[in-house]
Amino acid sequence: MGSTLFEKVWDAHTVRRLPNGQTQLFIGLHLIHEVTTPQAFDMLRARGAGVAFPDRTIGTVDHIVPTKDQRRPFLDVMAEDMLAALERNCREHGIRLLDLSSGLQGIVHVIGPELGLTQPGMTIACGDSHTSTHGAFGAIAFGIGTSQVRDVLASQCLSMDPLKVRRILVRGTLQRGVYAKDVILEIIRRLGVNGGVGYAYEYAGDTIARMSMDERMTICNMSIEGGARAGYVNPDETTFTYLRGRRFAPQGDAFERARAWWGSMASDAGAAYDDEVVLDAAAIQPTVTWGINPGQSVAVDEPLPAGADREALDFMGFVPGQRMKGTKIDVAFVGSCTNGRLSDLREAARVIRGHHVAPHVKALVVPGSQGVRLAAEGEGLDRVFAEAGFEWRGAGCSMCLAMNPDRLEGREICASSSNRNFKGRQGSPTGRTLLMSPAMVAAAAIAGEVVDVREFTRAEASLGR
Ligand code: SF4
């Protein structure tokens, strides 16, 4: 019987089995940022410990950076202090920091892949829930807490409970106007926000195999929203082609050697899974969340279920039977580590070209990294967005978490390409988030309300645009 990628990566990185049943795993790459590290470095200092593998640790700044005016010192004193602490800690421990002046800064889960730091067969850890994103490359990537950040800094190891593996097979062709975001929202709706507890999700099937790396990252990014500890896609030619020539990827002969090893880490044909789920891609519709967790979603023109959660309905101000289509929005946000990559911006720009944002809507586009921003500007996307009335911003997490000046106010409703719709997530305790694909966000910004992007672009086609 063969093995899954998860088993192969786990075994290859096992240092030892611990008496409590956990496994001590070696971590190949530790990504750090300004929010979850100040305390971890303080704890390290208090114990007189150093960083075990500074060359396996890379820092960037994302959550707290303002996206409008990025001059130092930041106007927000706390944000400035957090960045200054990260700079100090990286300097003191010899850790490479990809800061605002590097040209390589961005959301940690965007820059890892785009710089070729994220590679198949690796173990990756980061003090951020959405570290599962890196699984798109066939890495096993864990989001960790501050005390675990300390442990990885000190030892490059993590103590982990073993996971079961659920294979999620997505088969068939997605309809026009249906994206990777809709696929993962449907998976979470189907399996529940706690359905993945104790599991790693392996995404497979011909639909996933045809997806670009950006799309696979969108899927893996939200594994954590379905309760899974990690999510991954087996590495294939799409993965290798993406990595070739990236700044930190192996080069020349080393790339060929790495590629052979990467390929060997994919799940074997005869591998056994603890569970398997099959989804029909053709049945997936453009999807929008209506509630306060990412599992509370419906197809854009589907009525909210009769038994919908009362707390969520009351918070959102919605009623059973209502459709999300036609819901007026106040803010539109394209960005985040789920959907702030170049292909996401291209798709949103394609939808808005020749239109203008509705007068009552504030619309932001926030590239996931300086690299994405530069590439988008090279294609003229910044002008497309600006002409349509979107604000074109600097790279960062922006309104995904609102630990920076980009925030909702009062009861505003935001059409958002991010990954969490928890109460207060976007800065206002009463603000409301509707998660959807970037194309759907773009269409909502123009219409001023939630629309079905398929109808929006069909109307376009009939006008000959
Ligand atoms: S974009 Fe959002 S989810 Fe992603 S790292 Fe930033 S705050 Fe976290």
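1. Two strands are said to pair here if DSSP finds at least two bridges between them, and the helices (H or I, at least four residues) and strands (E, at least two) are DSSP runs numbered from the N terminus. This is a predicted model, in which local features need pLDDT of at least 70 and side-chain atom pairs count only at pLDDT 80 or more, while totals for chains, interfaces and linings use all residues. Residues are numbered from 1 along each chain as its sequence is written, and side-chain values use heavy atoms, with hydrogens and water left out.

2. An open sheet is formed by four strands in the order β11-β10-β9-β12, and their pairing is parallel. Because β11 (230-233) and β12 (275-280) stand at the edges with a single partner strand each, one side of each is left without a neighbour in the sheet. On average, neighbouring strands of this sheet are turned by 20° against each other, direction ignored; axes are lines fitted to C-alpha atoms, for helices over the stretch in contact, and angles run from 0 to 180 degrees between N-to-C directions.

3. Within this sheet, strand β9 (residues 164-171) pairs with β12 in the parallel sense over six bridges, and R167 has E276 in β12 as its bridge partner. Helix α8 (residues 213-221) lies across β10 (199-204) and β11, and runs at about 155° to β11, where contact means heavy atoms within 4.5 Å.

4. A second open sheet, of five strands, has the order β17-β16-β15-β18-β19 with parallel pairing. Its edges are taken by β17 (391-392) and β19 (432-435), each with a single partner strand, so one side of each is left without a neighbour in the sheet. Strand β15 (residues 331-334) and strand β18 (residues 413-416) run parallel and are joined by three bridges, with C414 in β18 as the bridge partner of V331. Helix α16 lies across β15, β16 (362-365) and β18, running at about 150° to β15.

5. Two packed helices are described by the angle between their axes and the distance between the axes. Helix α13 (residues 342-352) and helix α16 (residues 438-447) have axes that come within 8 Å and cross at roughly 30°, and this crossing is right-handed; a crossing is left-handed if the near helix is turned anticlockwise from the far one by less than a right angle, and right-handed if clockwise. The contact is made by D344, E347, A348, V351 and I352 of α13 together with P438, A439, A442, A443 and I446 of α16. By class, this contact of α13 with α16 has eight nonpolar, no polar and two charged residues, where Ala, Val, Leu, Ile, Met, Phe, Trp, Tyr, Cys and Pro count as nonpolar, Asp, Glu, Lys and Arg as charged, and the others, Gly among them, as polar.

6. Helix α2 (residues 38-46) and helix α3 (residues 77-93) pack at an angle of about 40°, with their axes 10 Å apart. The two helices α2 and α3 are therefore oblique to each other, given that angles under 35 degrees count as roughly parallel, over 145 as roughly antiparallel, 65 to 115 as roughly perpendicular and the rest as oblique. The crossing of α2 past α3 is left-handed, and in it P38, F41, L44 and R45 of α2 meet N89, E92 and H93 of α3. This contact of α2 with α3 has three nonpolar, two polar and two charged residues by class.

7. Around the ligand stand H63, I107, H109, D128, H130, S336, C337, C397, C400, L401, N419 and R425, a residue being near a molecule if one of its heavy atoms lies within 4 Å of it. This shell divides into five nonpolar, five polar and two charged residues.

8. Two backbone details deserve a look. Most residues other than glycine have a negative phi, and most peptide bonds are trans. R72 and P73 are joined by a cis peptide bond with omega of about -10°, and P73 is found in the loop between β4 (57-60) and α3. S398, although not a glycine, has a positive phi of about 50°, and its place is in the loop between β17 and β18.
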